[in-house]
Structure formats: structure tokens, C-alpha cells
Amino acid sequence: MSAAPVPDATSVSTYAMRLGDDALVLAQRLSQWSSRGPDLEEDIALTNIGLDLLGQARSLLTYAGEVEGRGRTEDDLAYLREERDFTNLLLVEQDNGDFAHTIARQLFFSTWQLALWEGLLSSADETIAAVAGKAVKEVDYHRDHAVQWTLRLGDGTPESRRRMQAGLDAMWPYVAEMFAADPLDVVLVEAGVAVDVAALRPPWDSFIDGVLAEATLSRPDDTWTPTGGRRGMHTETFGYLLAEMQHLHRSHPGATW
Amino acid sequence: MSAGSSVASPTEPTPLWEVFVRSKRGLSHNHVGSLHAPDADMALRNARDVYTRRQEGVSIWVVPAADIVASSPDEKDSFFDPAADKVYRHPTFYDIPAEVQHL
């Protein structure tokens, strides 16, 4: 085996920031379920998942800031970047919709993210590998939670089934972006730092197909497949999410409690 | 799908479950509270989220609250008072070695 090329700091920082943004934005979305869950138990379950993701985001953004070397902290990155500077996937910023929409989003994302973290366990980057070690167990549970609800809603009442299918259909266009590698991915995969996301698609497909079959749901048709999140090109709803997430810190810089 | 899964209407709460958590190996499960869930699998997961999020346990039991048979407060006198004056039932005449824990 020849020695892998050592990636430059900017690439590693950008990669950590992408993964951190995915986790941060989905954590923010899930936090919006606080006090609005179908019942108290689900309220806690969804916000627990959000807190897991927030923990991942903190580690990744802190690391991204360190590697970048411009003195930016996790808070600077979370609260003081503009919309176009965020590089999360479009899927994670999508509106919560009803409970079934949220579950569909979680099912698609957690299935992808679990495979990603499993791959990153052996990342050449020690910090990313360490975050993966912790995240794998968390995301395994996130996926299980989403699967359980997908089965129950899909194989439940006609109304729950209709809503679950509508949730899947609404989130489906944003699936393709998770598996779209760009030049940065190629460089970092070669260096052993990143996971080749394109290779994650077949196992993702077979897992999701299995769940949908058991839940008596249909795999949505492939229609349009928007991308751009990794380049800071977001959907309309993202600006509102960011405004809510950032306004306190921007109104009262350095606020703590 | 596990047996007994049914989706409740929004106005009708899902069944009640009693939750027992073993805090560490060697100890017994203790009752920690209750929760609502549509079926046993979800009850177990909800219990994990509600009652063990601060590492309170290594094992969880969930039991349908409807299946628990409880003594009645009305029977308190006949159930429990007769034991009050039977001191010989207590193992107070043994020296318990210091190594024995949780007795």
C-alpha cells in the first residue's frame, strides 16, 4: 500500500464543517418539536436525538475551527455565519411538517449517517474517527427509532399510512444529494479521511426498501434531485431556521445562562 | 410487526406501561415510573429515552399497567398489620458479614 497523500488543512476543515452543519441544522429542526410532540414520550425522544446531533455538531465545528486556524470557535461557526456559508445537506433543513414528515426525514438521514460514521471509524483523521466512535452508537438508535415509527405509521391506520407515504414522497427528492460526491470528497477519500458517499447508496437502498416493504409503503418515484447544500445553495425554508437559531446570539453577543 | 400494535387516535392516549430499571449489574429492577406507548417495543424505547438518559440503568423492563394486580388500600389491615408483632420473622439473630451487600 503506498502512502496516502496528506490532505491540506482547508479540505479537512471544510469536510468537518459539512458534517457538523448536517448535525447542527437537523438538531435545530428537531428542537422545534420541544413541547409539540404527539405525546410527552415522543417529545423527549425527538429532542434526545436532537441533542445527540448537537453534540456531534459541537465536536465537528470545534475541530473545523481549530484546523482552519482562523480562531473561529464552535459558536462563531454556528451563530455568525451567513446562509451561504452553511454547507449542510438540503434534506436536514426541510421543514418538520407533520410527525410522519419528520420521521421520513430521520429515516433517510439516519440510515445514511450511520453508514457514514461506520465508514469514518477508520478515517485517517484521528479526531473525525473519534467522533465517529461516539456517534455510531447514537445514530444506530436514531435509525431504529425512525424505523419503528415508519413501520407503525405505514402499517397502521389508512390515515397514518397516507401521511407516512406523503412524508416519504416529500423528502425523497433530497435523498440523491447525500450520495453526490464532489471534488473535495474525491481528494479526501483518496487520503483516507473521508468516506466515498457514492458507495453508500446500494446498501442504503436495500435497507430502505426492506423497511418500506415491511411497512407496506411504496418507494417514491425518482423525480427531480436538487443539490447545492454543500455549496451553500439552500432551500427557501433555511433562512427562517437560521434566523431563529442565530437571533439570540446576534442580539446579545456572547449571551450565556 | 410485534403483536398488539395499534395506532391510537389523537384523543385516545396509548396504553400505560410501568417501567422497571436495573441500575447496575447485581441489583434488582426497581420501579421508576410509567409512560404511554402504543406497544411493548415502543414502550421499551420510550423508557430508554425518558428514564435512562442520564445513565441510570443497564436493563429495562416494561409491563402493561393493566396487567399489574395490586393490593387494595382497604385490605391494608388484614394484609400487613398481622406481621407487626412477629419479631421472630426478622433475621435479627444473625451476624451479617461485612462483605454481604444489598441485604
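Predicted model: local features only at pLDDT ≥ 70, side-chain atom pairs only at ≥ 80, totals over all residues.
**Entry 1: chain B from end to end**

I began by walking along chain B. I counted two helices and three strands there. Starting at the N terminus, I wrote down the order β-β-α-β-α. Next I looked up how much of chain B is buried: 17% of its 103 residues. I also checked contacts in chain B between residues at least 6 apart in sequence, and 48% of these join residues at least 24 apart.

**Entry 2: the sheet of chain B**

Which order do the strands take in the sheet? I read β2-β1-β3 for chain B, an open sheet of three strands with antiparallel pairing. The edge strands are β2 (29-36) and β3 (59-64) of chain B, and each of them pairs on one side only.

A reminder to myself: strands of a sheet pair through backbone hydrogen bonds, either parallel or antiparallel.

How many bridges join β1 to β2(B)? I found seven between β2(B) and strand β1 (residues 16-22) of chain B, and the two strands run antiparallel. I picked out one pair to look at: B:Arg22 has B:His29 of β2(B) as its bridge partner.

What packs on the sheet? It is helix α1 (residues 40-51) of chain B, which touches β1, β2 and β3 of chain B. I noted that the direction of this helix makes about 130° with that of β3(B).

**Entry 3: where the chains touch**

I moved on to the contact between the chains. Chain A gives 13 residues to the contact and chain B gives 14 residues. On the side of chain A that touches chain B, the elements giving two or more residues are α2 (40-68) and α6 (126-154) of chain A. I sorted the residues on that side of chain A into three nonpolar, six polar and four charged.

**Entry 4: one helix pair across the contact**

For α2(A) and α1(B), I noted an angle of about 70° and axes 9 Å apart. Those two helices are therefore roughly perpendicular to each other. The crossing, as α2(A) passes α1(B), is left-handed.

Which residues make this contact? From α2(A) I listed A:Glu41, A:Ile44, A:Ala45 and A:Asn48, and from α1(B) I listed B:Asn46, B:Asp49 and B:Val50. By type, the residues of this helix contact divide into three nonpolar, two polar and two charged.

Last, I looked up some backbone angles. Most residues other than glycine have a negative phi, and I made a note of two residues that go the other way.

A:Ser35 has a phi near 70°, a positive value in a residue other than glycine. I found A:Ser35 in the loop between α1 (9-31) and α2 of chain A. Is A:Ser35 buried or exposed? A:Ser35 counts as exposed because it has 8 C-beta neighbours inside 10 Å, and the cut-off for exposed is 12 or fewer.

A:Thr216 has a phi near 60°, again a positive value in a residue other than glycine. A:Thr216 sits in the loop between α9 (201-214) and α10 (237-251) of chain A. With 14 other C-beta atoms within 10 Å, A:Thr216 is partly exposed.

Definitions and conventions. Residues numbered from 1 in each chain as written. Chains lettered and ligands numbered in written order. Contact = placed C-beta atoms within 7 Å. Helix = DSSP H or I, 4+ residues; strand = E, 2+ residues; numbered from the N terminus. Nonpolar A, V, L, I, M, F, W, Y, C, P; charged D, E, K, R; others polar. Pairing = 2+ DSSP bridges. Axes fitted to C-alpha atoms, helices over the stretch in contact; angles between N-to-C directions. Buried ≥ 20, exposed ≤ 12 C-beta atoms within 10 Å, placed from the backbone. Parallel < 35°, antiparallel > 145°, perpendicular 65-115°, else oblique. Left-handed = near helix turned anticlockwise from the far one by under 90°.
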